[in-house]
Amino acid sequence: MVVRILTFPLRYTFSKVKKALGKLGEIRIEPLYAFGNEDRIFVKARVLEAYKQSKPSAKKNSLQNILAALRRYAGSSVPDARVLVSFMGKQKEVISDEEGIVACEFECADHFSIEKHKVGFSLVEEEGLIREKKHSYIKVRQYLKNHPIGVISDIDDTILISHATDIGKKLWLSVSKNAYTRRPFPGVSEFYKALTQHGKYPVFYVSSSDWNLYDLIKDFLAYRNIPSGPLLLQDLHLNLKNIWRSGGGDHAHKLEKIEMLLDLYSGMKFFLIGDSGQHDPELYAEIIKAYPGRIKSVYIREISDEEHLRREGLIHDISQYDQAPELVFVKSSQEAMRHAREKLYISS
């Protein structure tokens with residue numbers, strides 16, 4: 001994230017100059033998500049210069065992974081590109097922002113359809129912009145507002161060992177490993193499968209990672225057999241005027257995304273899963289207070305053994321809220337699984 005922010009002015013200017021000179025390579029549209037309820041869906045994709053990225057492999061060494069990471073972060077996002085987004089016979093034209101992101105929403109038909117739909121993306125070719133392929137598609141994940149249960153989960157140090165509180169370790173893992181060599185916490189796959197009843201309930205991943213890690217996270221979930229779901233990663237929202245004031249706001253970003261999910265699925269109750277490495281416990285406490293009765297339980301993976309005062313204070317505070325759920329601090333996924341069984345959240 002820091003590298004992405006610091007190099008933004010150079011990358012933005014370079015992309016604009018290459019476009020003006022007609023030197024951009026073929027342009028790719030990378031669909032990021034398409035999800036919603038019976039009334040509307042939210043859509044996001046990224047426009048970037050097409051590049052050949054080697055597929056992750058458990059056999060690749062650190063040097064190969066570092067080169068792949070450098071290529072991922074050096075790739076040129078394409079601003080000011082026109083993209084046609086289509087869904088169920090409707091079409092919108094969206095302009096990509098400074099980071100190449102295109103986002104929009106569609107209203108749905110009056111009735112909920114169990115039929116699986118897709119959203120299509122097509123680059124509007126112009127001088128300096130040549131598309132790699134005519135269309136890109138992503139399947140829509142659509143759930144009723146009153147769908148009974150959902151899961152909202154953090155990623156770093158919740159399902160993926162990241163050492164987020166140690167900048168050096170986190171950076172080394174980010175660049176020297178790939179989706180196949182990054183390690184999950186033991187038991188995560190089994191716990192998430194049980195909590196979602198093997199796909200009956202949706203899971204949403206809310207993380208402060210930026211969109212350059214989208215492919216790594218998506219491949220990691222698939223490779224480790226962890227239930228997939230929409231990835232709500234962090235937009236940088238940068239421009240040449242605010243570049244040097246950016247880089248913060250992770251807490252606000254995650255709070256905003258979780259509130260959006262609770263509002264979008266107004267009848268759904270959620271499990272919240274995170275870790276104690278940063279602000280997840282306090283963030284989830286804010287959610288519990290603002291949405292009484294909407295949270296079934298909170299699971300926090302405890303990173304440090306010396307957090308008893310923080311833990312006891314949060315548990316005490318939350319117990320004062322209306323219809324407060326249990327705040328459960330655990331050392332392992334197996335411990336969380338045992339608690340969920342005891343409370344009959346999952347079957348044995």
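1. Let's start with a word you'll need throughout: a residue is called buried when its relative accessible area is under 20%, exposed when that is over 50%, and partly exposed in between (1.4 Å probe, protein chains only). S207 counts as buried because its relative accessibility is 1%.

2. Some ground rules before going on. This is a predicted model, in which local features need pLDDT of at least 70 and side-chain atom pairs count only at pLDDT 80 or more, while totals for chains, interfaces and linings use all residues. Residues are numbered from 1 along each chain as its sequence is written, and side-chain values use heavy atoms, with hydrogens and water left out.

3. Back to S207, which sits in strand β11 (residues 203–210). Strands (E, at least two residues) and helices (H or I, at least four) are DSSP runs, numbered from the N terminus. What is S207 in contact with, leaving aside neighbours within four places in sequence? The list is D154, I155, D156, L232, L233, Q234 and H253, where contact means heavy atoms within 4.5 Å.

4. Now zoom out to the sheet. Six strands make an open sheet with parallel pairing, in the order β12-β11-β10-β13-β14-β15; two strands pair if DSSP finds at least two bridges between them. β12 and β15 are at the edges with a single partner strand each, so one side of each has no neighbour in the sheet. On average, neighbouring strands here are turned by 15 degrees against each other, direction ignored (axes are lines fitted to C-alpha atoms, for helices over the stretch in contact, and angles run from 0 to 180 degrees between N-to-C directions). At the β15 end, β14 and β15 run parallel and are joined by five bridges, and V298 stands opposite L327 in β15.

5. Next, D235, in the loop between β12 (231–234) and α7 (250–264). Is D235 buried or exposed? At 14% relative accessibility, D235 counts as buried. Its side chain makes a polar contact of 2.7 Å with the side chain of K44, and another of 2.7 Å with that of W211. (A polar contact is a pair of N or O atoms within 3.5 Å; within protein, one must be able to donate a hydrogen and the other to accept it, and residues adjacent in sequence count only if both atoms are side-chain atoms.)

6. Elsewhere, β3 (residues 82–87) has a covered face of V83, V85 and F87, and an uncovered one of R82, L84 and S86. β3 runs antiparallel to β4 (residues 90–95), with six bridges, and V83 stands opposite V94. The two strands form a hairpin with two residues between them, and M88 in the turn has a positive phi of about 50 degrees. β3 also pairs with β6 (residues 118–123) in the antiparallel sense over five bridges, where V85 stands opposite F121.
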